[in-house]
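Hi,

Here is the structure I promised to pass on. Have a look at it first, and my notes on what turned up follow below.

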Amino acid sequence: MNPPLERSIVVLGGGPAGAAVALGLRRLGHAVTVIGVPRAFDAIEGVSDRVVAGLQGVGIHAALAAIEAPSPRRATWAGQTTALNSERLVDRAAFDRLLWQELQDHGIECLAARVLRWQPQDDAHVLQVQRTGDERSLTLRAHFVVEARGRLAPHVSAGVARGPETVALLWRGQGAPGGDAASAVESLCDGWAWCARLSGGGVALQLTVDPSALTLPPRAQLGAFIRERLASVGAALPFLDIPADEVHALARTSGAVLAPTVCGNHWLRVGDAAMAADPLSGNGIFQSLSSALQAPMVIHTLLNHPADVVHAKRFHQDRVHGLFQRFARIGRDFYVQEQRWADEPFWAARRAWPDSLPAHGTAGAAAPRIEARPVVDRDRIRLAEVVVTDEQLLGVWHVDGVAVAPLWRAVQAAPGQEVEALTPLMGGAHARAQAMLRWMRAQGWL
Ligand code: FAD
C-alpha cells in the first residue's frame with residue numbers, strides 16, 4: 001500500500017466558496033490543495049452585479065466569462081407583474097469548469113477526485129479520495145481541512161437548523177441559440193416558479209414546492225410533470241416554446257440549512273456547507289462568498305497565532321450564524337409580500353420562519369455599546385473594541401480607516417460638545433470630525 005500523500009491545507013470542493021478560500025489562502029502564502037469533482041448536474045442560476053463584484057473581490061476573473069450580461073427579469077408576485085428588474089444568468093457547469101481552470105492558473109494544486117471519507121484525527125485529518133477515472137482510492141493526510149462541498153457536505157453532528165422542507169424540481173432543455181436571454185419568476189398557490197433562457201438557447205424551468213405536499217412522479221416522468229405544471233403559469237409560457245426533449249430533469253433539495261458548528265482548531269466550513277439559503281432571494285452564491293471572504297484570515301490565525309485561536313473561531317461562528325439569520329429573514333420578507341395565499345401551508349410556513357424579528361435590526365432600538373469583539377486586522381483575527389448596535393450585531397470597528405470605539409466614547413462623554421471632542425481624535429481636522437458626527441447620526445447612534 002502506498003504511503004498517504006501529505007498536504008498542509010486541503011479544500012474539499014471547488015465551487016465559489018472553496019475557490020474563494022483557496023485563492024485567499026494562496027495570497028497569504030499558504031500551500032493549498034483543492035479536491036473536487038464537477039457538479040452532478042447542469043444548472044442555470046441568476047446573480048446580481050454585486051455577485052460579480054464579490055467574485056472579482058476574491059480574485060475570480062476568468063470564470064466571469066460564463067456569466068451573461070444583465071437580461072430582463074419579469075416578476076409576478078403578490079398579484080403584480082413588473083419587468084423593471086434584471087439579473088445575470090450563469091451556466092453553472094461552464095462557470096465551475098472555468099473556475100477549476102482558474103485555480104490551477106493561480107498555481108493552486110487541484111486534484112480531480114471524489115472525497116469518500118474525511119476522518120479528523122488529533123494532529124491531522126485523514127482523507128480517502130477516489131481520483132476521477134481511477135477505481136482505486138487514495139489516502140491523504142492534511143493538517144487543515146476546509147469543508148466546501150456545498151449542500152452535499154455531510155453534517156457530522158446533531159443540531160443542524162433547517163428552514164421549511166423545500167424541493168426544487170428542475171427541467172433543463174436546449175433551444176436554438178441566438179435568442180435574447182431572459183428570466184421570469186411567479187408565485188403560485190403551492191410554491192413558486194423560475195424560468196430562464198441563456199443567449200445560447202439553454203432553458204431552465206424550476207418549480208419550488210414543499211415535498212410533503214405533493215407526490216412526486218417517478219424520475220422518468222419528472223420532466224413531463226414539471227412542464228405540465230408550468231403550462232398554466234403565465235411567466236413560464238415564453239420558456240415552453242422549445243422541444244420537450246430534456247437534457248435532464250431532477251429534484252434538488254433547496255431548503256435553508258445551517259451547520260451548528262462551523263469552525264474547529266483544524267477545520268472550517270464555508271459556503272453552502274456552512275449555511276445554505278432558500279434560493280428564492282437569488283442570494284446563494286453571494287451568501288456562499290460572504291462566508292468564505294474572511295475565512296482565509298481565520299485559518300491563518302488558527303495556524304499562526306495560538307493566542308487568538310478562540311477569537312478566530314468565534315469570529316467565523318458568529319459571522320456565519322449572523323449571515324444565516326439575516327438572509328433567512330430577508331427570504332421570509334419576500335414570502336410575506338405575497339398575501340393571496342397566506343394561509344396555504346407552503347406560504348404560512350415560510351412567512352413564520354425563522355422568527356418575526358426585522359431582517360436588518362431596528363436602528364436606535366438599544367443604545368450603541370462598546371465591546372471587545374474579534375475583528376479582521378489585515379491577515380489575521382484579533383480582539384479589538386468595536387461599537388455594537390442592534391443593526392450591527394457583529395460590531396463596527398473602523399470607518400474610513402478610523403477606529404470608531406474611541407470616537408464614540410469621546411462623543412458620549414461630551415454632550416453638546418461632540419465636534420470639539422472628536423476633532424483632536426481626527427488629527428485636528430474639524431471638517432472630518434463633523435463628517436464623523438453626521439455619520440453617527442445617520443446610523444441612528446445619536
Ligand atoms: P457548490 O457550488 O455546491 O460547490 C461545491 C462543490 O463541491 C461542487 O463542485 C461539487 O461537485 C463538489 N463536491 C461535492 N461533493 C464532493 C465530493 N464528495 N468530493 C469532491 N467534490 C465534491 N444561487 C444564486 O446565487 N442564484 C440562483 O439563482 C440560485 N439558484 C439555486 C437554485 C437551487 C434549486 C438551489 C438548490 C440553489 C441555488 N443557488 C442559487 C445557490 C447556489 O447554487 C449555491 O449557493 C452556491 O453554488 C454555493 O456555493 P458553494 O461553493 O458553497 O457550493
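Let me start with the second largest pocket: 35 residues line it, and those nearest its centre are Arg-319, Arg-326, Gln-392, Leu-393 and Leu-394. The elements that contribute two or more residues to this lining are α5 (284–293), α7 (309–337) and β18 (369–377). The biggest share comes from α7, which supplies twelve residues.

Before I go on, the housekeeping. Keep in mind that this is a predicted model: local features need pLDDT of at least 70, side-chain atom pairs count only at pLDDT 80 or more, and totals for chains, interfaces and linings use all residues. Numbering runs from 1 along each chain as its sequence is written, and side-chain values use heavy atoms, with hydrogens and water left out.

You'll want the pocket criteria too. Everything is done on a 1 Å grid over the protein atoms alone; a pocket is an open set of points with protein on both sides within 12 Å along at least five of seven lines, whereas a cavity is a set where a 1.4 Å probe fits but cannot get out, and lining residues have an atom within 4 Å of a point. Helices (H or I, at least four residues) and strands (E, at least two) are DSSP runs, numbered from the N terminus.

Back to the second largest pocket. It holds about 1000 Å³ of space, where volume is the space filled by probe spheres set on the points, and grid points are joined across faces, edges and corners. Its lining splits into 17 nonpolar, nine polar and nine charged residues (nonpolar: Ala, Val, Leu, Ile, Met, Phe, Trp, Tyr, Cys and Pro; charged: Asp, Glu, Lys and Arg; polar: the others, Gly among them). Where does the second largest pocket lie? It sits between domain 1 (5–66 + 91–155 + 258–334) and domain 3 (369–442), because both give residues to its lining; the domain bounds come from an automatic or database domain assignment.

The buried residues of α5 include Ile-285, Gln-287 and Leu-289.

Next, salt bridges (a side-chain nitrogen of Lys or Arg within 4 Å of a carboxyl oxygen of Asp or Glu). The whole structure has 24 of them. Three that I looked at:

- Arg-39 and Asp-96 are bridged, with their closest N and O atoms 3.2 Å apart. This pair links distant parts of the chain, 57 residues apart: Arg-39 is in the loop between β2 (32–36) and β3 (44–47), and Asp-96 is in helix α3 (residues 92–105). Arg-39 is partly exposed at 28%, while Asp-96 is buried at 13%.
- Arg-136 and Asp-134 come to 3.1 Å between their closest N and O atoms. Arg-136 is exposed at 63%, and Asp-134 is partly exposed at 23%.
- Arg-314 and Asp-318 meet at 3.0 Å, N to O. Both belong to helix α7, four residues apart, about one turn of the helix. Arg-314 is partly exposed at 36%, as is Asp-318 at 28%.

There is also a network: salt bridges with shared partners join Arg-39, Glu-45, Arg-92, Asp-96 and Arg-252.

Finally, the aromatics. Rings of Phe, Tyr and Trp (its six-membered ring) pair if their centres lie within 6.5 Å; planes under 30 degrees apart are stacked, over 60 edge-to-face, and the rest tilted. The structure holds nine such pairs. Phe-324 and Trp-353 have ring centres 6.0 Å apart and planes at 75°, so they are edge-to-face. Phe-324 is in helix α7 and Trp-353 in the loop between α8 (345–351) and β18, so the pair ties together parts 29 residues apart in sequence. Phe-324 is buried at 4%, and Trp-353 is partly exposed at 22%.

Trp-341 and Trp-347 make a tilted pair, because their centres are 6.2 Å apart and their planes at 35°. Trp-347 is buried, at 0%.

Cheers

Terms used: Buried < 20%, exposed > 50% of the residue type's maximum accessible area, 1.4 Å probe, protein only.
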